[in-house]
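Work through the exercises below with the structure open. Each task is followed by its solution.

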Amino acid sequence: MRQVQTKSAADDRNPVLIGQRPRSRRQALGKSMWVGVWLLYLAGPVAELTSHAFTTAQRVWGAVGLTLFVLAYLVLILRHMWQKPPVSLRYAPLGVMLALSVALTWTLGYSWLVLFIFTSVASAVVLPWQRSRWAIPFITVVLIAIGAHYPEIRNYYLFAYALPALGSGFVMIGVQNLVRTTQELRVAREEVARLAANEERLRLARDLHDLLGHSLSLITLKSELAGRMLPDRPEDAARQVADIEQVSRQALVDVREAVTGYRRPRLAVELAGARAALRTADIALTVDPSLEGEFHGLTADTEGALAWALREAVTNVVRHSGARRCDLLLTEEREADGRRYVCLVVTDDGEGPLRGQHDGNGLTGLRERLALTDGHLQTGQATGTRGFALRAYVPATIPAASPDGPSPVPDTSPEPVNGPAQARSAPPVR
């Protein structure tokens, strides 16, 4: 059985949890530490506050302003990390950061221009890129205007502060796009895992329906037959009970193999089962000689699909048709577009399809099986009779040409059964 993972396993290889919300206190602490590392760039303004270059009033103003700036920055970033508030609520902290950057730099010195870099990066993180791409150049222009107030840095401040503010902001926009892509890929991976789990459940449901439907139908028929034989023919009833035991054991083996995903039915095996089921139901069977041998136009997958089709068709004949005769035919057909198909035709002389009736679970599952091999299914009333016809198509492999020319294939056309293609096999033996 296919192993399916439904939870993302990327967390163990992604200690920063890029694009993910922290789900525990430890993860929140780790992400907060990564955010706090960048505050080391405020070492310049902090060093000035601890020096004797400022008066007491300037130190108090600088400490209060820097504290408010850091608090606005952390609130903005951490709230965005946890709950992503509406965009309208993100402008107030950004406005506070920009105002403090202007005021502190104008009053305390050019080393405080580093605050503009934090403001630029914060706007790239919390704003949609359609807005941050305009906010970052605006913050950079304000930085250049304030920096022009200090003539001693006019020769280099453009490169020391303006370019980092502009570049860091747009680099962070790229990082945010990467975060969004990571989130979308994570969602897509979980969706693929969910679809894979659904497909596996569907496969198991199809297998169990086809396996148990056929086996239980045969067990029911043999049980009824044994019950009718018991008063007068106990030996024959005992043989039917022995057959029931054999069918039950084989059904148990088939279910186990289906659950593990290793069962690949073969046409020869299913043909033998069809003979037994139809004989028990007292339905005459006519088999095309092509089904008796090895058909070289089939791969393992396509043969398995046709084997499932044979099992489902015979089960329906036994359970629903009320037929007295069943015909099996295997042909090679070519459609109008040149594609070659192997076609399994199962017809009966029973009651035929009910008008307006939709496919049941068995035929629906069979259509899905054939579609997996690029095949298709046709059902309807048999031509020339009142019975039912099932035609299962799978692509035919093209055999290599022999040195003496192509292998001879009879070009006789059997009686079509609701099919548009040209048959290329001998007609069924009647």
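Predicted model: local features only at pLDDT ≥ 70, side-chain atom pairs only at ≥ 80, totals over all residues.

Residues are numbered from 1 along each chain as its sequence is written, and side-chain values use heavy atoms, with hydrogens and water left out.

**Exercise 1.** Determine how helix α4 packs against helix α5.

Step 1. Helices and strands are DSSP runs numbered from the N terminus (helices: H or I, at least four residues; strands: E, at least two). Helix α4 covers residues 91–108 and helix α5 covers residues 114–126.

Step 2. Two packed helices are described by the angle between their axes and the distance between the axes. Axes are lines fitted to C-alpha atoms, for helices over the stretch in contact, and angles run from 0 to 180 degrees between N-to-C directions. For α4 and α5 the angle is about 170° and the axes are 9 Å apart.

Step 3. α4 is therefore roughly antiparallel to α5 (angles over 145 degrees; under 35 is roughly parallel, 65 to 115 roughly perpendicular, the rest oblique).

Step 4. Contact means heavy atoms within 4.5 Å. Residues of α4 that meet α5 include L94, M97 and L98, and those on the α5 side include L115, F116 and F118.

Step 5. The contact of α4 with α5 has 11 nonpolar, 4 polar and no charged residues (nonpolar: Ala, Val, Leu, Ile, Met, Phe, Trp, Tyr, Cys and Pro; charged: Asp, Glu, Lys and Arg; polar: the others, Gly among them).

**Exercise 2.** Repeat the analysis for helices α9 and α10.

Step 1. α9 (residues 267–280) and α10 (residues 300–321) pack at about 5°, with axes 9 Å apart, so they are roughly parallel to each other.

Step 2. E270 in α9 and both E303 and R311 in α10 are among the residues that meet. The contact of α9 with α10 has 11 nonpolar, no polar and 3 charged residues.

**Exercise 3.** Is T140 buried or exposed?

T140 lies in helix α6 (residues 129–147). T140 counts as buried because its relative accessibility is 7% (buried: under 20% relative accessible area; exposed: over 50%; partly exposed in between; 1.4 Å probe, protein chains only).
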